[in-house]
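Dear colleague,

Please find below the sequence and structure that I am handing over to you. My notes on what was found follow directly after.

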Amino acid sequence: ARNAESRSCLDDEGQTRKLHLHYKFQNTTHVLIWEQHDPTKVIMNMCNLDVSAIANRLIALGDRAFTKEGQRTNSKITNPNGNMERIKPGVHDMRLIFSGKDGTGIHHLAWLTDWLPLIDSTVLKPLGIQLNSIIRMQFAKMPSGSDIKIHKDKNGWMNRSHRVHVPIITHPGVFFLTKRPKNGYTRIRAFPGEAYEFNNAVPHLVHNLGGDRVHLIIDWIEEEVESPVKLMPGQECIYGKNAITC
């Protein structure tokens, strides 16, 4: 993502840089992704952001902020089918916004209130992303030696949203790989603050061969979301097949 170094965060019309959502659909355009492996349909480098304040706060909070005990004052949304544990063993998250499988039923978790001013000033406003367009947002932490197994995201929330990665803490030992159509993989490299959109309909995996890696991951849509459900500290909800129930 180095070619984003001097790039404006917004496009020529003052809007958020983004991939076309139809690149995610399994139609003729999807075939182009796999037959030609056109990187412009898989990743878009957005711009460079100064995320040092976020990184410093996460470092000060330490590992405990990503543990169940450490997040007792946050809200909790659990998935009983265990998909996260199977695909992302050893990976920890700090959820701030979450949706149902179809991208509706937006829930704002308790810690969003505390984190939003910093995230908004350093990430959302520069990228032109409005809070009322976000359906999911979380910090994802990969400890040293952890892996994310090959997978592609699915369900309605994925089809209708743009996935933005903002590396907060990272290093050269992170191997974020996207599958090529016939064989092999393409590596996505990014330094702290190098924001990019990734087409998460494409199979991908991550190997962390160094220290901790933390990304802020934002899924946003091109229209205003319905009024979110605001969860209380310690409130627990279940991510079910049809909706989130609390």
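Asn-155 is located in the loop that joins strand 6 to helix 5 (156-159). Please bear in mind throughout that this is a predicted model. The phi of Asn-155 is positive, near 85 degrees, in a residue that is not glycine. As background, most residues other than glycine have a negative phi. With a relative accessible area of 35%, Asn-155 is partly exposed.

**Confidence**

The protein has a mean pLDDT of 90, and 92% of its residues reach 70 or more. Residues 28-32 call for caution: pLDDT stays under 50 there, and the model has 10 contacts beyond four places in sequence for this stretch.

Eight strands make up an open sheet with mixed pairing, in the order 1-10-7-12-5-3-4-13. Its edges are strand 1 (43-48) and strand 13 (229-230), each of which pairs on one side only. Within this sheet, strand 7 (residues 162-169) and strand 10 (residues 194-198) are antiparallel and share three bridges. Arg-163 has Phe-198 of strand 10 as its bridge partner.

Another open sheet has four strands, ordered 6-11-8-9, with antiparallel pairing. Here the edge strands are strand 6 (147-151) and strand 9, each pairing on one side only. From one strand to the next, the twist averages 25 degrees.

Strand 8 (residues 174-179) and strand 9 (residues 185-188) are joined by four bridges in the antiparallel sense. The hairpin formed by strand 8 and strand 9 has five residues between the strands, and Gly-184 takes a positive phi near 85 degrees in it.

Which residues of helix 2 are buried? They are Ile-54, Ala-55 and Leu-58. Viewed down the axis of helix 2, these buried residues fall within an arc of 100 degrees, so they line one face of the helix. The other side of helix 2 has Asn-56, Ile-59 and Ala-60 exposed. The packing partners of the buried residues of helix 2 are strand 3, helix 4, strand 5, strand 7 and strand 12. Just after helix 2 comes Gly-62, with a positive phi of about 80 degrees.

The loop between helix 2 and strand 2 (76-78) holds Gln-71. Is Gln-71 buried or exposed? Its relative accessibility is 13%, so Gln-71 counts as buried, the cut-off for buried being under 20%. Beyond its neighbours within four places in sequence, Gln-71 is in contact with Arg-64, Ala-65, Phe-66, Asp-93, Met-94, Arg-95 and Trp-111.

**The nonpolar cores**

The largest nonpolar core comprises 47 residues, and those with the most contacts inside it are Ile-119, Val-123, Leu-127 and Phe-139. Helix 4 (residues 112-127) contributes the most to this core, with seven residues. Not counting residues up to four places away in sequence, Val-123 touches Leu-49, Ile-54, Val-166, Leu-216 and Ile-218. Another core, of 12 residues, lies apart from the largest one and includes Val-42, Met-142, Ala-190 and Val-206.

**An exposed leucine**

Finally, I would draw your attention to Leu-209, found in the loop between strand 11 (204-208) and strand 12. Leu-209 has 64% relative accessibility and therefore counts as exposed, since exposed means over 50%. Leaving out residues up to four places away in sequence, Leu-209 touches His-171, Gly-173 and Phe-175. Leu-209 and Gly-145 are 64 residues apart along the chain, while their C-alpha atoms are separated by 5.3 Å.

With kind regards

Methods:
Residues are numbered from 1 along each chain as its sequence is written. This is a predicted model: local features need pLDDT of at least 70, side-chain atom pairs count only at pLDDT 80 or more; totals for chains, interfaces and linings use all residues. Side-chain values use heavy atoms; hydrogens and water are left out. Two strands pair if DSSP finds at least two bridges between them. Helices (H or I, at least four residues) and strands (E, at least two) are DSSP runs, numbered from the N terminus. A nonpolar core is a set of buried Ala, Val, Leu, Ile, Met, Phe, Trp, Tyr and Cys residues joined through side-chain atoms within 4.5 Å. Buried means under 20% relative accessible area, exposed over 50%, partly exposed in between (1.4 Å probe, protein chains only). Contact means heavy atoms within 4.5 Å. The arc is that of the directions from the helix axis to the C-beta atoms. pLDDT is the predictor's confidence in each residue, from 0 to 100. Axes are lines fitted to C-alpha atoms, for helices over the stretch in contact, and angles run from 0 to 180 degrees between N-to-C directions.
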